[in-house]
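Please keep the structure open while you read.

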Number of protein chains: 2
Amino acid sequence: MLPKNGPRIHQIHITPIAIVDPPLLNAAGLHAPYALRTVVELVTDDGISGVSEIPGTRATDEALAEARPLLLGKDVFQLADIRQTLTDHFGTESTAERGLTPWDQRKLVHIFSAVEVACLDIIGKVTGRPVVDLLGGKLRDRVPFAAYLFYKYEGAGGALGFDVDPSAEGWAAARQARALNPEEIVAQAKAMCNEFGFQSIKLKGGVFEPQQEVAAMFALREAFPDMPLRVDPNALWKVETAIEYGRQMEPILEYLEDPVRGQANMAQVRKALKTPLATNMCTTSFEDIPNSVAVGSEDIILSDHHFWGGLRSSMTLAGICDTFGRGLSMHSNSHLGISLAAMVHLGAALPNLAYALDTHYPWQSDEVIRGGRFAFDEGAVAVPQEPGLGVELDRDTLAKLHQNYLTCGLTKRDDEIEMQKVQPGWRFQSVRW
Amino acid sequence: MLPKNGPRIHQIHITPIAIVDPPLLNAAGLHAPYALRTVVELVTDDGISGVSEIPGTRATDEALAEARPLLLGKDVFQLADIRQTLTDHFGTESTAERGLTPWDQRKLVHIFSAVEVACLDIIGKVTGRPVVDLLGGKLRDRVPFAAYLFYKYEGAGGALGFDVDPSAEGWAAARQARALNPEEIVAQAKAMCNEFGFQSIKLKGGVFEPQQEVAAMFALREAFPDMPLRVDPNALWKVETAIEYGRQMEPILEYLEDPVRGQANMAQVRKALKTPLATNMCTTSFEDIPNSVAVGSEDIILSDHHFWGGLRSSMTLAGICDTFGRGLSMHSNSHLGISLAAMVHLGAALPNLAYALDTHYPWQSDEVIRGGRFAFDEGAVAVPQEPGLGVELDRDTLAKLHQNYLTCGLTKRDDEIEMQKVQPGWRFQSVRW
C-alpha cells in the first residue's frame with residue numbers, strides 16, 4: 001500500500017512586521033525604534049498551517065515572493081528537494097555576502113530557514129509530534145537562556161522612541177532605563193535576572209572603549225559572583241587589544257565572543273588566551289568550517305538556524321561541532337515567539353548543550369502567537385509539547401504589527417543611520433579599538 | 001492539545017540467521033559457506049513492527065539481549081535518548097575496537113544502527129512516510145549500485161560448500177564458477193552486469209599479488225571500455241606498492257579503495273596519485289574525521305550505516321563530507337533485503353551521490369522479506385514507496401535461516417579459519433605486499 005502523497009504547499013503568506021525595539025547600542029550603531037521580522041505561513045492543500053519567523057528586510061521579502069511559484073505544490077517532507085530548487089534558482093551564495101555587520105545579510109539561508117521551519121511545523125502537526133522529535137528527539141525538557149545585556153539610551157522604542165512609559169514597573173521599567181556605564185549595566189542585569197531568572201549573563205560590547213566594557217564585566221562579577229559571564233565586542237577590537245583585555249578578564253569570563261574580526265585573527269587571540277572564544281561572525285556557514293578547523297578560530301560556534309539554513313542543518317552543524325571538539329550554542333537577534341519556539345525545539349534536541357543560549361526576547365514586548373509571550377522559569381523555556389512548533393498565529397496582533405511595518409517606513413536594518421540621528425557623522429568601523 | 005505519547009517499544013526480537021555465501025576470497029581469507037546476519041524486530045505497544053538487519057556475531061546478539069531491558073518502554077521517536085542510554089550502558093568505544101579486518105568489529109555502533117533503523121521503520125509506518133522522507137526527503141527515485149566482483153573458488157556455498165548446483169543457469173551458474181585469474185574475473189563481470197545491469201565495477205582485491213590484480217583491472221577495462229572501475233586491496237599494500245601500481249592504473253580507475261593501511265599512509269599515497277582514494281578502513285568513525293581532515297587521507301568515504309550508527313548519523317556524515325569536499329558512497333558486507341532497503345532509502349536522501357554504491361546482494365540467494373528479492377534495473381534499485389523501509393518479514397524464511405544458524409555452528413565471521421581449511425597454515429597479514 002502506497003502512502004498518500006505528502007501534504008503539499010498550497011498557500012504562502014509572507015507578512016513583514018515591525019516590532020517595538022528599545023534604543024539598544026551595538027558595534028553597528030543603534031537599534032531603530034522598530035525591529036523588522038517576516039512571518040511566513042505555509043498552508044497545505046489540507047488546510048494545515050505551518051509558521052516561521054526570520055529577520056525582516058524588503059530584499060528577503062521580495063526573494064520569498066520570487067520563490068513562491070517554485071514552492072507551491074511542493075511536498076513539505078521533501079526538504080532536500082526544496083533546498084535544491086531554491087539553490088538552483090538563487091545560485092550559491094558566497095560567504096562574503098554575509099557582510100560586516102553583527103547580523104548575517106545572506107538571502108538564501110534566510111529563505112530556506114523560513115520554509116524549512118514552517119514545513120517542520122506542518123510535518124509535526126500531521127504526524128502528531130513536536131518539532132524536537134523530528135530532529136532526533138528531546139534530550140531536555142527545558143532550554144536555558146542567558147541574560148542578554150545591552151548598553152542603551154533611555155527610551156522604550158516604538159512610537160515612544162526615546163521616551164518612556166511612566167506607568168511601567170519592574171522589568172518593563174528597567175527595559176526603558178538608560179544603561180551607559182557599569183553601574184547602569186549592573187542595574188539592568190539585576191532587573192532582568194530578577195524577572196526571568198537567568199543563570200548566565202552576556203554583555204553586548206563593542207560600544208564603548210574596551211576599558212569601560214571590561215569595567216562593566218568586573219562590576220557584573222562583583223554583583224553576580226557565581227554567574228557565568230560573557231562579553232561580545234562584535235569583532236571591533238584589534239588583536240593586541242583583545243589579548244590585553246582578554247587576559248584581564250580571564251578570571252571572570254565563561255567565554256569571550258568575537259573579540260576580533262576574521263578567523264586568522266580569532267586564532268591568534270585564541271592561542272594567547274585561556275578563555276574559550278565563541279563566534280557568530282567568523283565561522284557562520286558550512287563553507288567557513290574547513291578553515292575554522294585548519295586555523296582553530298574558536299572553541300564555540302553560536303549557531304542561528306535563521307543563518308545556517310534551518311533546524312536540520314543546525315543539527316548537522318551540531319554533529320560537526322561534536323566531531324571537531326567545538327561547543328555549540330545559539331546567537332539571536334530581536335525576535336518574537338515563533339523564532340523562540342524553533343530555538344527551543346532545536347536546543348532540546350542538541351546532544352551537547354553546555355552553554356545557555358542567547359536571546360533578545362526580553363527586550364521585545366510584542367508577540368504574534370496566541371496565548372501571549374513565552375514564560376521563562378529560572379532562565380529556561382519549557383519545550384512545547386504540542387505537535388509542530390507548538391505555537392499558533394494570533395492574526396489580530398499579526399495584522400497590527402504588519403500595520404506598524406507599513407507605517408514605520410523601515411525596509412531594512414541599518415543601525416548606522418539610526419546612530420547618526422543621535423550622533424551626527426557617526427560611522428560604523430569594522431575594527432575600532 | 002498534547003499529542004499522545006509516541007509509540008513505545010514493547011517487544012524486541014533478536015534473530016540470528018545464517019545465509020548461503022559462496023567461497024569468496026578477500027584480504028582476510030575466505031568467506032564461510034554461510035554469512036551471519038542478525039534480524040532485529042521491534043514491536044510497539046500498538047503492535048506496529050519495525051525491522052533491521054546487521055552483521056551477525058554472537059557477541060553482538062548478546063549485547064543486543066543485554067540492551068533489551070534498557071530499550072523496552074522507549075518512545076521510538078526518542079532516538080537521541082536511546083543512543084545516550086546505550087552509550088551510558090556500554091561505554092564509549094575506542095576506534096581501536098574496529099579491528100584490522102575489512103569489516104568493523106565494534107559493538108555499540110552496530111547495536112545502535114539496529115535499533116535506529118527499526119525505529120525509523122516504525123516512525124515511517126505511523127507517519128505514513130517512507131524512511132527516506134524522515135531523512136530530509138527523496139532526491140532520486142533509483143539508487144545506483146556497482147558490480148562487486150570477487151576472486152573465488154568454485155562453489156555455491158551453504159550446504160553445497162565447494163560443490164555446485166549443476167542445474168543453475170545464467171548468473172546463478174556464474175555465481176558458482178571459479179574466478180582466480182583475469183579471464184575468469186571478466187567472465188564474472190559479464191555475467192553479473194548482464195543479470196543486474198550494473199554501470200560501475202569494483203574488484204575486491206588483496207587476494208593475489210598486486211601485478212595479477214592490476215592485470216585483472218586492465219582486462220576489465222578492455223572488456224568494459226566505458227565503465228567506471230575500482231579496485232580494493234583492503235589495505236594490504238605497502239605505500240611504495242600502492243604508488244607503483246596506483247600509477248599504472250591511473251588511466252583506468254574511477255577510484256582506488258584502501259590501497260594501504262592507516263590515514264598517514266593513505267595521505268602519502270594520495271599525494272602521489274592523480275586517482276581519488278576511497279576508504280572504509282582508515283576513516284570509519286566520527287572520531288577519525290579530524291585526523292582525516294588534518295592529513296588528507298582520502299577523497300571519498302564509503303559509509304556503512306551499520307558501522308556509523310544508523311541512517312541519521314550517516315546523514316550527518318554526508319554533511320561533513322559535503323563541508324570538507326569529500327565524496328560519499330557506501331560500503332557493504334554480505335546482506336539481505338532489509339539492509340538493502342535501508343541503504344536505498346539513505347542513498348536516495350544523500351544530497352551528493354556521485355558514485356554507485358557497493359553491495360554484496362547479488363552473491364546472496366536467500367531472502368527474509370516478503371515478495372522475494374529486490375530487483376535491479378540497469379544496476380539501480382527503485383526506492384520503496386511504502387511507509388517505513390517498505391519491507392515486511394517473511395517469517396517462514398526467517399525461521400528457516402535461523403535454523404541454518406543453529407545448525408551451521410558459526411558464531412562469528414572468521415575468514416582466516418575458513419582459509420586455513422583450504423590452505424593449511426595460511427595467516428592473515430595486515431600488510432602483505
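1. A word on terms to begin with: two strands pair if DSSP finds at least two bridges between them. Helices (H or I, at least four residues) and strands (E, at least two) are DSSP runs, numbered from the N terminus.

2. Please bear in mind that this is a predicted model, in which local features need pLDDT of at least 70, side-chain atom pairs count only at pLDDT 80 or more, and totals for chains, interfaces and linings use all residues. Residues are numbered from 1 along each chain as its sequence is written, chains are lettered from A and ligands numbered from 1 in the order in which they are written, and side-chain values use heavy atoms, with hydrogens and water left out.

3. Chain A has an open sheet of seven parallel strands, in the order β7-β8-β9-β10-β11-β12-β13. Its edges are β7 (147–150) and β13 (327–330) of chain A; each has a single partner strand, so one side of each is left without a neighbour in the sheet. From one strand to the next, the twist averages 25 degrees (axes are lines fitted to C-alpha atoms, for helices over the stretch in contact, and angles run from 0 to 180 degrees between N-to-C directions).

4. Inside that sheet, strand β9 (residues 229–232) of chain A runs parallel to strand β10 (residues 255–257) of chain A, and two bridges join them. A:Val231 has A:Leu256 in β10(A) as its bridge partner. Across β7 and β8 (201–204) of chain A lies helix α6 (residues 182–196) of chain A, at about 150 degrees to β7(A).

5. What is the strand order in the open sheet of three strands? In chain A it is β1-β4-β5, with antiparallel pairing. Here β1 (9–20) and β5 (49–55) of chain A stand at the edges with a single partner strand each, so one side of each is left without a neighbour in the sheet. The twist averages 20 degrees from one strand to the next.

6. Seven bridges link strand β4 (residues 34–44) of chain A to β5(A) in the antiparallel sense, and A:Arg37 stands opposite A:Pro55 in β5(A). Helix α12 (residues 337–349) of chain A packs on this sheet, touching β4 and β5 of chain A, at about 100 degrees to β5(A). Helix α13 (residues 395–408) of chain A also packs on the sheet, touching β1 and β4 of chain A, at about 65 degrees to β1(A). Contact means heavy atoms within 4.5 Å.

7. Finally, the two chains: a rotation of 180 degrees with 0.0 Å of shift along its axis superposes chain B on chain A, with RMSD 0.0 Å. That is the relation of a two-fold axis. The same surface serves both copies, as 100% of the contact residues of chain B recur in chain A. Copies are superposed by least squares on the C-alpha atoms of residues with pLDDT of at least 70 in both.
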